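This report describes a protein chain and the molecules that sit with it. Please look through the sequence and the structure before reading on.

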Amino acid sequence: MSKRAKILPLALVPVLVLLGLYFKAYEKAAESSTKGPQQPILFSHKIHAGENQIPCEYCHSYVTKSPKPGIPSMQKCMGCHLQVAGRDVDYEYDGKKINIKQEIQKLKDYWDKKTPIAWTKVYYLPDHVHFNHKRHVLRGIECRTCHGDVENMDVVYRVPKLEMGWCIGCHEQNARNEEELTQLKDCLTCHY
Ligand code: HEC
Ligand code: HEC
Ligand code: HEC
Ligand code: HEC
Ligand code: HEC
């Protein structure tokens, strides 16, 4: 390791500690829980990815192409729902009774009014952390390793706590050699 590479991360420590204090408040909100947020449309992953076996990549199309997987646009939803009006039956969604057809009608109302759906985020990291989906997915890590059994969730909730130790723990287990281990544990790999 060059002298500069050794000094840089050390010089960064006080900055990161300050950031740490700043993000303390944030950390509380970042706790994992088995309860996901209430979304504007009660969209079920269990119905889409589970029962109807729509592949994750069909909707989250950028997982292997960009740092962010992306949330599907309304156009993508309507690609099916112009045809699929849904059955007029009740469904037990996270302890609430919903009607499939009426819930799909909500989507169509958004579409008619041309208002985008304001989905509430479930997984997010503080701005000082860098995470790239593409690199992880191309390395062969499955969605479920980090997001749990989404096929069986009506509401997506956060499975891991997204703490620093979780990231580093997996980096330690999966590094192919010493060189990669050093890189994957380097503060500047994740913080810049
Ligand atoms: C590949 C086709 C397809 C796509 C794309 C799709 N859906 Fe569906 N959706 C279905 C099918 C099939 C059902 C089940 C209908 C039934 O059981 O009668 C369904 C059911 C639903 C329901 C009722 C059950 C529930 O989840 O609450 C809602 C609401 C819904 N879709 C919203 C959406 C939204 C929002 C999008 C875009 C993010 C979307 N769908 C994208 C095929 C699709
Ligand atoms: C029919 C489209 C569709 C399919 C198929 C689908 N998703 Fe989603 N996904 C969405 C929509 C819409 C949202 C935003 C609303 C929500 O959180 O439920 C979302 C949200 C998510 C989130 C939370 C994102 C955030 O805001 O932090 C994760 C994680 C996720 N999906 C993973 C998966 C995985 C894993 C699969 C495959 C097992 C999958 N999805 C299949 C449409 C889809
Ligand atoms: C190594 C762990 C890991 C793997 C593997 C992984 N994710 Fe994620 N995912 C994350 C983290 C961490 C975030 C929050 C990222 C951020 O805030 O930048 C996230 C965020 C998301 C989001 C919200 C994205 C957005 O644009 O707001 C979706 C959707 C998602 N993941 C879907 C998937 C799908 C689908 C797969 C499998 C193809 C997958 N993830 C594989 C860790 C992972
Ligand atoms: C399940 C295992 C696993 C988890 C969990 C994980 N990673 Fe990784 N990460 C890897 C592997 C393996 C690589 C090497 C990927 C490659 O071949 O490029 C990697 C590479 C990286 C890289 C270097 C490549 C790049 O994108 O610049 C960064 C940064 C990174 N991870 C950040 C994170 C962060 C931040 C988290 C936690 C929020 C995290 N990782 C969680 C396994 C994991
Ligand atoms: C593999 C990725 C990764 C590496 C390597 C890494 N961090 Fe982090 N770090 C994270 C993630 C993710 C968070 C956000 C955790 C949270 O919000 O709980 C974080 C948060 C922090 C925080 C804020 C803590 C808090 O309470 O919110 C500090 C300070 C920090 N890191 C310092 C460091 C230092 C110093 C190094 C090098 C010795 C380092 N990190 C290496 C991923 C990483």
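Around ligand 1 there are 22 residues, and the closest of them are Ser44, Cys77, Cys80, Arg87 and Glu103. The model examined here is a predicted one. Three helices, α3 (45-51), α5 (74-81) and α6 (100-113), each contribute at least two residues to the shell around ligand 1, and α5 gives the most, with five residues.

Ligand 3 is surrounded by 21 residues, of which Cys56, Tyr123, Ile141, Cys143 and Cys146 are the closest. At least two residues of the shell around ligand 3 come from each of the helices α7 (133-138) and α8 (143-147), and α8 supplies the largest share, which amounts to four residues.

| Residue | Phi |
|---|---|
| Aspartate 94 | near 50° |
| Leucine 162 | near 60° |

For aspartate 94, the phi value is positive although the residue is not glycine, and aspartate 94 is found in the loop that runs between β1 (90-93) and β2 (96-99). Is aspartate 94 buried or exposed, or does it lie in between? Aspartate 94 counts as partly exposed because it has 15 C-beta neighbours inside 10 Å, and a residue needs 20 or more to be buried and 12 or fewer to be exposed.

Leucine 162 is likewise a residue other than glycine with a positive phi, and its place is the loop between α8 and α9 (164-174). Because 19 other C-beta atoms lie within 10 Å of leucine 162, this residue is partly exposed.

Turning to the chain as a whole, the protein chain holds 11 helices and two strands, and, read along the sequence, these elements follow the pattern α-α-α-α-α-β-β-α-α-α-α-α-α. The protein chain has 192 residues, of which 4% count as buried. If one considers the contacts in the protein chain between residues at least 6 apart in sequence, 67% of these contacts join residues that are at least 24 apart.

Definitions and conventions:
Residues are numbered from 1 along each chain as its sequence is written. Chains are lettered from A and ligands numbered from 1 in the order in which they are written. This is a predicted model: local features need pLDDT of at least 70, side-chain atom pairs count only at pLDDT 80 or more; totals for chains, interfaces and linings use all residues. A residue is near a molecule or strand if its C-beta atom, placed from the backbone, lies within 6 Å of it. Two residues are in contact if their C-beta atoms, placed from the backbone, lie within 7 Å.
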